[in-house]
Every structure is written in structure tokens, then in C-alpha cells.
Amino acid sequence: MDVRSSKSYEIRTYGCQMNVHDSERLSGLLEEAGYVRAPEGSNGDADVVVFNTCAVRENADNKLYGNLGHLAPMKTKRPGMQIAVGGCLAQKDRDTIVKRAPWVDVVFGTHNIGKLPVLLERARVQEEAQVEIAESLEAFPSTLPTRRESAYAAWVSISVGCNNTCTFCIVPALRGKEKDRRPGDILAEVEALVAEGVSEITLLGQNVNAYGSDIGDREAFSKLLRACGKIDGLERVRFTSPHPRDFTDDVIAAMAETPNVMPQLHMPLQSGSDTVLKAMRRSYRQERYLGIIEKVRAAIPHAAITTDIIVGFPGETEEDFEQTLHVVREARFAQAFTFQYSKRPGTPAATMDHQIPKQVVQARYERLVALQEEISWEENKKQVGRTLELMVAEGEGRKDDTTHRLSGRAADNRLVHFTKPDQEVRPGDVVTVEVTYAAPHHLLAEGSVLDVRRTRAGDAWEKRNAAEAAKPAGVMLGLPKVGVPEPLPLATGGCAVD
């Protein structure tokens, strides 16, 4: 494709980790086609603006059309500007988007993100909107070019789609049935990333530990974890998000016995009530869930366990909600991403009887948050006095500049702010610190840094940063956020966090 090097692009990403990863692919596709990334904060002042949408969030469609409306006058003033809409909402709404926003040039779905450059060119040549929604996966996203946000921490997709039928979640209808990548392809990608300087990977799937169901191997996920443990230079392995139904003992053993698999687990609960879990079509019950937590803690005593919880699902009684609080007290999560249930068009739960009044949901939500904040703080206080190895991060400590601190992630993914040492420390390097103070959502290490280990990951960050600084003015990229991104707090139940 003949695209002038001056053409810029901006991608706006909404939703879950899967969408974040897809946006890295979209960036790679556009840059391979000759586009350059618009400066940080360009706010629509780019030749191509891409919306990678989510259909899970509340009022997702209204937010999209509001943003599209904001761009309409900008497009009128800029001949040649193009707007594309992809992702889950595009897969769901299809032709509706162009009808409601006729100034949109391209609409593409979750199964054909690789077509974006072609569709943009076709829209330009034919001077009419291109709507192309594939019903099944055309090419596994990991075969596409990628512009990763971090030089040393990377998502690695191991599967796409989901075979579950949770009544609150529309994602399986939009992402399709689970399709697994071949283990050899996954490991080849990991090895290639490590060769480039990446030292931390997160294995990613809608239901990551169901991996193997498509290729007929029930222990494929635990085998994959163990295989990652044999890759030289790979220091940290994480995964998100598992489903309790598929969380088997061989996975717990692989986590405990593979040194570079981090002592961290994000295990969605959604509700502690067996009655509500049944209505949600979650194929486990409270006893099974707490049994998994107990086994993980026995095998990995310092594991930090996080979760997702939905409050106010249709039919939830006060007794049901008390069961959720009971599980929270028993499980003692390091952190919980809590959501108030709201209707999602196209899901069975949206038409269920006994929808809970907003004020009741709000009151229960506040009680849950208060309890979890108390537990998070108590669990973090147990970290005081511990010596931890941190991977140095960038952009995670908003006050770092004013406090003269740096930030990093511990092995269990806790965020730690530490005193900036005299010697140079780069994102991707590893420091050893002693925790001196705990807050509910972060730790402090206010003493001197005990050790600094320069790493190949830090070298990779430095090399990439120098390359970005050398780019012509006007196409500077923002500094990549260091470390694997946190679970996105507004991505509700089921979109790669389920």
C-alpha cells in the first residue's frame, strides 16, 4: 500500500486486556503500512483515528457515538481524515454504526483486524464506507505485526474466544468459540520476545486455563507453564484470566514448581452465592471456589490472589450478598475489582426478572468495597519488613517526580514505590528493597535500595527509548508504560477478565 510517511494514526482502546493486545496488533499493521503514530495527546488530530471498542461496559454505545460526534467537525475541516471502528461493539452493531455516524469510513470486527489497512485504502479509493465483519477468525492475531507498548513486558495470546455461556456476558457471541494456538507457535513467540529483551510475559486468553480444550489436551496449560520455565532469560510469567471450572491441580503444581511463574493469581469469583452462580451459569459453587484458593495458598504461601465481583445481579437477595461477603472474608483477596451489575443488551441476564433497584445495588457495593479495602490494607501490612525484588516500572507512580521515588512491581504484582537510588535505574531493571509502609493499594520502601541489577530488559528499554527520541518531530511516541498492565478496573465480567 502506498501511504505517505507523514500520515499519522491514533488508536483509542476501550475494555479488557484482549482489546489492549488487539490494539498493539492494529498499531503494528498501520506502521507496517507506512503510518506513524500521532503525538501523545493529539486528541483526534491524526489522519486516521481508530476506535477499538468494548461491548461489555455500561453505555458503551453512547460513549462511542459521543466520541464520534466530537470528531465529525474535525473531519469536515480535514479532507482525507479517516475514522475506523473495530472491536466488540463493531462486531455487535455492524451496519448500525455507519447509519448513526455516516462519517465513519471503516467498520471491522473482532475476527478480521488484519484487514484494517486494506479497508482504509478501499474506503479512500471508493469514497464510501467499508463495513466488513467476519463471522469466524480469519488469522490468529499473533501472526500479525505488532507495535508493543512495552520494550520488555509483553502480552502473548494463547487462545481466542470462549466456550462459556455466562448469562451476564456477551463476549462469547462476539469473539466466538475458543480457538487455541499450537504450543510450539506460542513458545516460538515467547523465545523471540526474550531475544528482543522482553523479560516478563503474560499469557492471555478469554478463559486462559481452558487452553487445550480445542487441541484435545486437558493438561496443555500446565505443560505450557512448565515449558515457559525452561526459556533462558524469561524472568517473569503471568497469566490472565482463569476460570474456576478449569482450574485443576496440575496447574497449581506447575505454578508452584516453575520458578519464573509468579506467585500471583487473578481468579474471578463474580458471586459467593450458589444460587446466583447458578443463575449466572457459572459452573462452580462457593465450596469449589474456596477449595481452589486453599490449595493455591498451601502450595504457594505468599501468593497474592485478586478477583472480580459483580454486585446486584438479578434476583440477588440480602442473604446471597452476605454469602459474597463471606467468601471475601475467607479468601482474603489482595485486591478485588468490584462492579455494580447493569444490563448488557444481548445477554440473557438483561431480560431476567427481579432486577435489583439501583439504590440497593449501590448500598451493597459500598459495603463490599469497604470490606475489601480493610482486607487489602491488612494483607499489605503483612508485607512490611519483607525484602522484595521489584521490576522497575514507568508511569505507575503518579507522584514519583514530586516524591523523588521510582515504582516497581513485586513478584506477586503488588505496586511498590521506592526511594530513587543515586545510581541510574532504568525501567526493566530489577531492584531489591525493604518494605517500610503499607497502604491499601500500594507499598512504600523508604530506605536505601539494597541492590540494583541491570538487565537485558533495561537495555531493551534504553535502546527503544533512544530510537523513539531520534524520530522526526511530530511522530514522537509517549514513553511506554513499564510492566504488564494491571487488570483494567472497569472491564466487567467476562471480557478477558473471566
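Which residues does F247 touch, not counting residues up to four places away in sequence? I shall return to that after an overview.

Good morning. This is a predicted model, in which local features need pLDDT of at least 70 and side-chain atom pairs count only at pLDDT 80 or more, while totals for chains, interfaces and linings use all residues. Residues are numbered from 1 along each chain as its sequence is written, and side-chain values use heavy atoms, with hydrogens and water left out.

I begin with the whole protein. It has 15 helices and 21 strands; these are DSSP runs numbered from the N terminus, helices being H or I of at least four residues and strands E of at least two. The radius of gyration of the protein, taken over C-alpha atoms, is 23 Å, close to the 23 Å that the globule rule (2.2 Å times the number of residues to the power 0.38) gives for 498 residues, so the protein is as compact as a globular protein of that length. Its C-alpha trace spans about 60 × 60 × 45 Å along the principal axes. Of the 498 residues, 58% count as buried, meaning under 20% relative accessible area with a 1.4 Å probe, protein chains only.

Three strands form an open sheet in the order β7-β10-β11, with parallel pairing; two strands pair if DSSP finds at least two bridges between them. β7 (153–157) and β11 (236–240) are at the edges with a single partner strand each, so one side of each has no neighbour in the sheet. Five bridges join β7 to the parallel strand β10, residues 200–204, and V156 stands opposite L203 in β10.

Two helices accompany these strands. Helix α7 (residues 183–195) lies across β7 and β10, at about 170° to β7. Helix α8 (residues 220–228) lies across β10 and β11, at about 170° to β10. Axes here are lines fitted to C-alpha atoms, for helices over the stretch in contact, and angles run from 0 to 180 degrees between N-to-C directions.

Finally, the core. The largest nonpolar core has 55 residues, of which I201, L203, F221, L225, F239, F247 and V296 touch the most other members. Such a core is a set of buried Ala, Val, Leu, Ile, Met, Phe, Trp, Tyr and Cys residues joined through side-chain atoms within 4.5 Å.

As for the opening question, F247 touches N209, F239, P242, I252, M255, L265, M267, R288, I292 and V296, leaving aside residues up to four places away in sequence. Contact means heavy atoms within 4.5 Å.

How values were computed:
Buried < 20%, exposed > 50% of the residue type's maximum accessible area, 1.4 Å probe, protein only.
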